[in-house]
Amino acid sequence: MNSVGEACTELKREYDQCFNRWFAEKFLKGESDGDPCGQLFKRYQLCVQKAIKEKDIPIEGLEFMGPSKGKAEDSS
Amino acid sequence: MGGGRGLRRKYVRARRKCAAWEGAAWRPPGGRGTERARRRGPEPEPMGKYCASLGVLKGPWDQVFAAFWQRYPNPYSKHVLTEDIVHREVTADHKLLSRRLLTKTNRMPRWAERFFPANVAHSVYILEDSIVDPKNRTMTTFTWNINHARLMAVEERCVYRVNPENSSWTEVKREAWVSSSLFGVSRAVQEFGLARFKSNVTKSTKGFEYVLARMQGEAPSKTLVETAKEATEKAKETALAATEKAKDLASKAATKKKQFV
């Protein structure tokens, strides 16, 4: 899948591969040690955040799960 | 002769219900709806559509959660142009928070393209926030478009959890809200039209009275002329009040967030 920043697609793929492995083998099993994908993520983010700014995509200042606040939440 | 049906169905929708979503009742506090949710109007009016559905994905929760991150591309996602993670963190209580940015094509019917030519050229930007909680085996997602939102705003909230009847399956509860600020515009047009009609009726009646009085031999007295002046003034006031109310309705209907297009 392409990144919104054309130059970032390869960095995204490398990060995704690392993440998917970590997610299934570590995170879902409750293991939280380490951040094996941290470097890859940083590199990818540098690229993609720049592309987002260049394209004027308005993702700034939006609260996490923001518009959903107040919608009835199942207890988690 | 036809062979097998291809993929065995991995998703079954148990039930779905859609309805008009009335007035302030559905709108959550926070975001666009804060003041509206607190203020009760004289009568609820339909503000949009609400849909809820419950379905089952035939896979265990951990597989479903992993698949969630590997969804794109797939044969059914040709309209999804790009996918990016723009935020991710693991919380102290071992939950994964992520924000995914998607761009999708903006396919509209031909009539909509004619009405909203400015929107045609722009893809839709969509944010999907999610919380994965492996301890409780649940995932909650909230997805909404961050442009074209004045024209149409679609919000979807999904909750994934282990199917209570079959622990090797995953239940998906999905809710969606579809709204448009065009509702507010059409209400404003109606209010204005009604107010202007009423003031025209006043003028029409007064005019009739004036001419009748003249036919009946009464000289158009000062009183009548003054009454005519008063009627014009009153009509102007009514129309002005209606215009203000209409402007107010229309601007309330527009979203308060910074919007594209």
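# Briefing: how chain A and chain B meet

K12(A) and E83(B) are joined by a salt bridge, with 2.9 Å between the closest N and O atoms. This is a predicted model. Across the interface of chain B and chain A, the rule finds one salt bridge.

**The interface**

- The contact between the chains involves 51 residues of chain B and 40 residues of chain A.
- The size of an interface is often given as the accessible area lost when the parts come together.
- Here chain B and chain A bury about 3,800 Å² between them, and 68% of that area is on carbon and sulfur atoms.
- On the chain B side, the residues that lose the most area to chain A are R88(B), H94(B) and R157(B). Together these three account for 14% of what that side buries.
- Between chain B and chain A, 13 residue pairs are in polar contact, counting pairs with both residues at pLDDT 80 or more.
- Several elements of chain B each supply at least two residues of the side that touches chain A: α3 (61-68), β3 (80-90), β4 (96-104), β5 (124-133), β6 (138-145), β7 (153-162) and β8 (170-179).
- The largest share of that side comes from β3(B), with ten residues.
- By residue class, the side of chain B that touches chain A has 27 nonpolar, eleven polar and 13 charged residues.

**Salt bridges**

- Over all chains, the structure holds 16 salt bridges.
- E6(A) and K55(A) form one of them, with the closest N and O atoms 3.3 Å apart. E6(A) lies in the segment before α1 (9-25) of chain A and K55(A) in the segment after α2 (38-54) of chain A, so the pair ties together parts that are 49 residues apart in sequence.
- E6(A) is exposed, with a relative accessible area of 62%. K55(A) counts as partly exposed because its relative accessibility is 35%, which falls between the 20% limit for buried and the 50% limit for exposed.
- K12(A) also forms a salt bridge with D16(A), at 2.8 Å from N to O. The two residues are four apart in helix α1 of chain A, so about one helical turn separates them.
- K12(A) is buried, with a relative accessible area of 3%. D16(A), at 18% relative accessibility, also counts as buried, since buried means under 20%.
- K12(A) and D16(A) belong to a network of salt bridges that also links R71(B), E83(B), R100(B) and E128(B).
- R157(B) forms a salt bridge with E175(B), and their closest N and O atoms are 3.8 Å apart. R157(B) is in strand β7 of chain B and E175(B) is in strand β8 of chain B, so this pair ties together parts that are 18 residues apart in sequence.
- R157(B) counts as buried at 2% relative accessibility, and E175(B) is buried with a relative accessible area of 13%.

- β6(B) is mostly covered, and eight of its eight residues are buried.
- Both faces of the strand are covered. On one side the buried residues are T138(B), T140(B), F142(B) and W144(B), and on the other they are M139(B), T141(B), T143(B) and N145(B).
- β5(B) and β6(B) pair in the antiparallel sense over eight bridges. In this pairing, E128(B) stands opposite T143(B) of β6(B).
- β5(B) and β6(B) form a hairpin with four residues between them. In the turn, R137(B) has a positive phi of about 60°.
- β6(B) and β7(B) run antiparallel and are joined by six bridges. The bridge partner of M139(B) in β7(B) is Y160(B).
- T141(B) is found in strand β6 of chain B and counts as buried at 2% relative accessibility.
- Leaving aside neighbours within four places in sequence, T141(B) is in contact with M65(A) from the other chain and, within chain B, with F68(B), D129(B), S130(B), E156(B), R157(B), C158(B) and Y160(B).

**Chain B as a whole**

- Chain B has seven helices and eight strands.
- Of its 261 residues, 38% count as buried.
- Among contacts in chain B between residues at least 6 apart in sequence, 59% join residues at least 24 apart.

Methods. Residues are numbered from 1 along each chain as its sequence is written. Chains are lettered from A and ligands numbered from 1 in the order in which they are written. This is a predicted model: local features need pLDDT of at least 70, side-chain atom pairs count only at pLDDT 80 or more; totals for chains, interfaces and linings use all residues. Side-chain values use heavy atoms; hydrogens and water are left out. Contact means heavy atoms within 4.5 Å. Buried area is the accessible area (1.4 Å probe) that two parts lose on being put together, summed over both. A salt bridge is a side-chain nitrogen of Lys or Arg within 4 Å of a carboxyl oxygen of Asp or Glu. A polar contact is a pair of N or O atoms within 3.5 Å; within protein, one must be able to donate a hydrogen and the other to accept it, and residues adjacent in sequence count only if both atoms are side-chain atoms. Ala, Val, Leu, Ile, Met, Phe, Trp, Tyr, Cys and Pro count as nonpolar, Asp, Glu, Lys and Arg as charged, and the others, Gly among them, as polar. Buried means under 20% relative accessible area, exposed over 50%, partly exposed in between (1.4 Å probe, protein chains only). Two strands pair if DSSP finds at least two bridges between them.
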